[in-house]
Amino acid sequence: MIVTGSSAETIEKAVQLIRTGELIGLPTETVYGLGANAMDDHAVAKIYALKGRPINHPLIAHVYSKDEVRYFSDHVPIFAHHLMDTLWPGPLTLILQKRVDIANACSANLQTIAIRCPKHEVAQSLLQRCRQVNVWGLAAPSANRFGRVSPTTAKHVQEEFGESLFILDGGACDVGIESTIIDCTRGRPVVLRPGILTLKELSICAKEPVVAEHDLIKNSSEKQGRLKAPNASGTLDSHYAPRALVRLLTQAEIQQRLTVESTYSLKLGLWSQPLKLLTNTVYPVFWEQIPSKPIDCAKVLFAQLRAFDGLGVDEIWVEKPQNSPEWAGINDRLQRAAHTGTEHR
Ligand code: TXA
Ligand code: MG
């Protein structure tokens, strides 16, 4: 059931469900989440079951403010303080050492925990009320079935889980891709999952260099670090996959493929800059223009993949965005959506 997220009564109803160990759908500025009381292992188990998510893939605890972090961790490095002070509330998740014996299901029994303070005003109102009734945080993964495209509207959430889930509607998400995840447990800040924030912005906010894990891996001396890195399902090769096969192509490759006869039988979704050839094609191509700015592109990325799926296309061809830091989060999601030969498809 979708209800408005901006009324005190629906927030109260959501809090009541959370206190009784139930799940709800909630908006954040990145994507919608499937939330439960982070301290209630039984409630959190329902999230894993409903999503079909393996229980060794930890969830993020969402908090109202920096003040709630102390409940989950008493080991916060100085750069993590700087990041929280400058970027919270916002699309940033920090992995911290976890206090023993709390939020075990949320953290998949790891000794670390992911914590994020979302900016969306509905999420803020909900978390504030939760805090007042001693719920220190909400475990909330993206509200999609495991491996599928993340939801950016309340309707997407309902498409995933049906009528019975209570979903707070907060409109279409502003950011559109999931939060940047920074591991703060390795002595220096390491990005495990890129989001909309660039390494440059993050480094300024952390007051020290923030590095990407994949850059460390290129450095073979750091390979060990990766082996020690905790599980992150958003970092599986295949994730965020629509039903249709996704191909990432250059504009030249798209032009060339469109003239190949074997594609004539395909129903295609094409997300690209305008193409000259398009007007002459005789077979079904659903074309949408890909936004040229990363923030605009991120905002509609998942909704566009879902929309193509809704049209029943066989393949989705996406014009590869440039390989620059501002596009890192989008390129990451597109590459995972395009990854084939996977158990999630
Ligand atoms: O923007 C977001 O982060 C959204 C909204 C709802 O807040 N949430 C989200 O959650 O993307 P989820 O569960 O889809 O992705 C969380 C990621 C997973 O890849 C998980 O493995 C990783 O965070 N993660 C959680 N705890 C971790 C930990 N202790 N160490 C390493 N990675 C962790
Ligand atoms: Mg997810």
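Student: Are R333 and E178 buried or exposed in this predicted model?

Tutor: The model is a predicted one. Buried means under 20% relative accessible area, and exposed means over 50%. By that cut-off, R333 and E178 are both buried.

Student: How far apart are the closest N and O atoms of R333 and E178?

Tutor: R333 sits in helix α12 (residues 328-338), while E178 is in the loop between β8 (166-169) and β9 (180-183). The two are 155 residues apart, so the pair links distant parts of the chain. A salt bridge needs a nitrogen of Lys or Arg within 4 Å of a carboxyl oxygen of Asp or Glu. R333 and E178 form one, with their closest N and O atoms at 2.8 Å.

Student: Which side chain of opposite charge is nearest to R53, and how far away is it?

Tutor: R53 is in the loop between α2 (41-51) and β4 (60-62). R53 is buried but has no salt bridge. The nearest side chain of opposite charge is that of E178, at 9.0 Å.

Student: Which residue has its backbone oxygen 2.7 Å from a polar atom of the R53 side chain?

Tutor: A polar contact is a pair of N or O atoms within 3.5 Å. The side chain of R53 has a polar atom 2.7 Å from a backbone oxygen, and that oxygen belongs to P58.

Student: Which network of salt bridges includes R306?

Tutor: R306 in helix α11 and E160 in helix α6 (residues 154-161) are 146 residues apart. Their side chains meet in a salt bridge of 2.9 Å, N to O, and both residues are buried. Salt bridges with shared partners make one network of K155, E159, E160 and R306.

Student: How many residues apart are D332 and R336?

Tutor: The side chains of D332 and R336 form a salt bridge at 2.5 Å, N to O. Both residues are buried. They lie in helix α12, about one turn of the helix apart, a separation of four residues.

Student: What is the omega of the peptide bond from W88 to P89?

Tutor: Most peptide bonds are trans. P89 is in the loop between α4 (78-87) and β5 (92-97). The bond from W88 to P89 is cis, its omega being near -10°.

Student: What is the phi of N109, and what is that of N134?

Tutor: Most residues other than glycine have a negative phi. N109 is in the loop between β5 and β6 (112-116), and N134 is in the loop between α5 (121-132) and β7 (138-139). Both count as exposed, because N109 has 62% relative accessibility and N134 has 56%. Phi is positive in each: about 60° for N109 and near 70° for N134.

Note on methods:
Residues numbered from 1 in each chain as written. Chains lettered and ligands numbered in written order. Predicted model: local features only at pLDDT ≥ 70, side-chain atom pairs only at ≥ 80, totals over all residues. Heavy atoms only, no water. Buried < 20%, exposed > 50% of the residue type's maximum accessible area, 1.4 Å probe, protein only. Lys, Arg positive; Asp, Glu negative; His and termini not counted. Polar contact = N/O pair within 3.5 Å; in protein donor to acceptor, adjacent residues only side chain to side chain.
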